[in-house]
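Here is a short note to read beside the structure. Please keep the model open and find each residue as it comes up.

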Amino acid sequence: MAAIRVGLIGAGRIVPAHLRGYAELRSAGFDDFRITAICSRDPARARSLIETDAQAAGGMAGPAVDPLFAPPIAISEFQDDAEVQVFTDVREMLDARVVDAVDITTEVGLHHTQALACLEAGVHALVEKPMAITVRAARRMVEAARQRRLSLAVCENARFNRTVRIAKWLVDRGDLGTPQMTAWTALGTALWSPDRWVGNSSWRHRKLIGAGGASLDIGPHLFHRLRMLCGEVESVAAVARVFEQTRYLKDADGAVIDTVACDADDAFMALATFASGAIGQLSFSFAGHGEAITPAGPILYGTRGCIKGETVLLDGAAPTTLDEHFARHAGAEAGRLFPLGMSDPFGLLIGDWLGSIREGRQAETNGEEGLRDLAASFAIVEASEAGRAVTLDKVLDGTVDGYQRELDEHYGLR
């Protein structure tokens, strides 16, 4: 079959992480795709992603584990046998008929309009998280993909994190028994707390552009992990706050370059119940003065033992690590979970999405999965605004939408 022609929509800071995923796929021998287009309102930045002067794309210095700090890479470093055209308008790109699938990394407020335009044109879509500006917008995306039998996936890289992937394998085997309790706490960050722009971008702090703050930026990651390990979310009770009313963009010397007035939460604490009977506690904040509290990994208790970060403690057995347990018992499963020894979460995710297009199946992070992660994340701010626990079903069907109503009206979704 012909190679899948992929168009990139957006040329922002997360794109190098995506490009490194495509590069790992090519390096591993997956040769069934070519990047053929980039669509960006900044054509110079788009072109900088094509040629070997990728440093011009403007990477940030920071921890390698954060995709926002992925080192710049040029498409020409892993692809020299296909032309990459640059567009400034999505419909112009679609009319040129140079793409079969698109990878959307723009601001969340643009996700639904861009994805719907592509799906309606018969083009498959991968969308960065959070999936959409509201649950209502995400439902339209899922329905459009279903009607046209296209692959819609969400770039939820947490699913392909090695620790999380092995933890799910262990739970699915029944080694931990039935999940009972889980927790995830991260208060403060070394880079953005107490009052810097997260990711050096103001949109994360403005409701009408980013949908929410910590709840919608980090919530999808957390809920996807917890849904993998504990099953579907049943209800959420939460409190969300905006502790820092003003945030600052600063240069390397700490001088203020710009400010933003914040109306999207920078902290939340939530309790979740799961259909499996498990309960979970989630806390996260971009605020916080002083030393940050950072998680070592998933904490999950079951009826036969627990996982604490990388450590596995099963009843009646000596402590071990996730990697050791996996190496001892995985067998052929290792090849399924990490094909050809690949380890980059974005490479694994993009490879699964491209495979879903080839094979006519659902991607692991398909639109329905993204919709449920999004609804659970919106449940944080919906519950906080309502002052009571909310059920996921009510957020999914739009019965609970007090927080989102302003967004739906602003984007003409009501």
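**Notes on salt bridges, buried residues and cysteines**

1. Start with Arg247 and Asp266, whose side chains meet in a salt bridge at 3.6 Å, N to O. A salt bridge here is a side-chain nitrogen of Lys or Arg within 4 Å of a carboxyl oxygen of Asp or Glu. Arg247 lies in strand β9 (residues 246-250) and Asp266 in the loop between β10 and β11, so the pair ties together parts that are 19 residues apart in sequence. Helices (H or I, at least four residues) and strands (E, at least two) are DSSP runs, numbered from the N terminus. Arg247 is buried at 0% relative accessibility, and Asp266 is buried at 2%. Buried means under 20% relative accessible area, exposed means over 50%, and partly exposed is in between (1.4 Å probe, protein chains only).

2. A word on the model. It is predicted: local features need pLDDT of at least 70, side-chain atom pairs count only at pLDDT 80 or more, and totals for chains, interfaces and linings use all residues. Residues are numbered from 1 along each chain as its sequence is written, and side-chain values use heavy atoms, with hydrogens and water left out.

3. How many salt bridges does the structure hold? The count is 28. Side chains of opposite charge can pair when their charged atoms come close. One of the pairs is Arg34 with Asp81, with the closest N and O atoms 2.9 Å apart. This pair links distant parts of the chain, 47 residues apart: Arg34 is in strand β2 (residues 33-39), and Asp81 is in the loop between α2 (43-48) and β3 (85-87). Arg34 is buried at 13%; Asp81 is partly exposed at 44%.

4. Now look at Arg162 and Asp323. Their side chains form a salt bridge at 2.8 Å, N to O. Arg162 sits in helix α6 (residues 162-173) and Asp323 in helix α10 (residues 322-329), so the bridge ties together parts 161 residues apart in sequence. Arg162 is partly exposed, at 36% relative accessibility. Asp323 is partly exposed too, with a relative accessible area of 36%.

5. Salt bridges can also form a network. Arg227, Glu232, Glu368, Glu369, Arg372 and Asp373 are linked in one.

6. Is Asp265 buried or exposed? At 6% relative accessibility, Asp265 is buried. Asp265 lies in the loop between β10 (256-261) and β11 (267-274). Its side chain makes a polar contact with that of Ser215 at 2.8 Å. A polar contact is a pair of N or O atoms within 3.5 Å; within protein, one must be able to donate a hydrogen and the other to accept it, and residues adjacent in sequence count only if both atoms are side-chain atoms.

7. Gln114 is in helix α4 (residues 108-120). Gln114 is buried, at 12%. Its side chain makes a polar contact with the side chain of Thr106, at 2.6 Å. Not counting residues up to four places away in sequence, Gln114 touches Ile9, Val90, Ile104 and Thr106. Contact means heavy atoms within 4.5 Å.

8. Last, the cysteines. A disulfide is a covalent bond between the sulfur atoms of two cysteines. The cut-off is a pair of cysteine sulfur atoms within 2.5 Å. A search of the whole structure finds zero disulfides. For Cys39, the nearest cysteine sulfur is that of Cys118, 8.5 Å away. Cys39 is buried at 5%, and Cys262 is buried at 9%.
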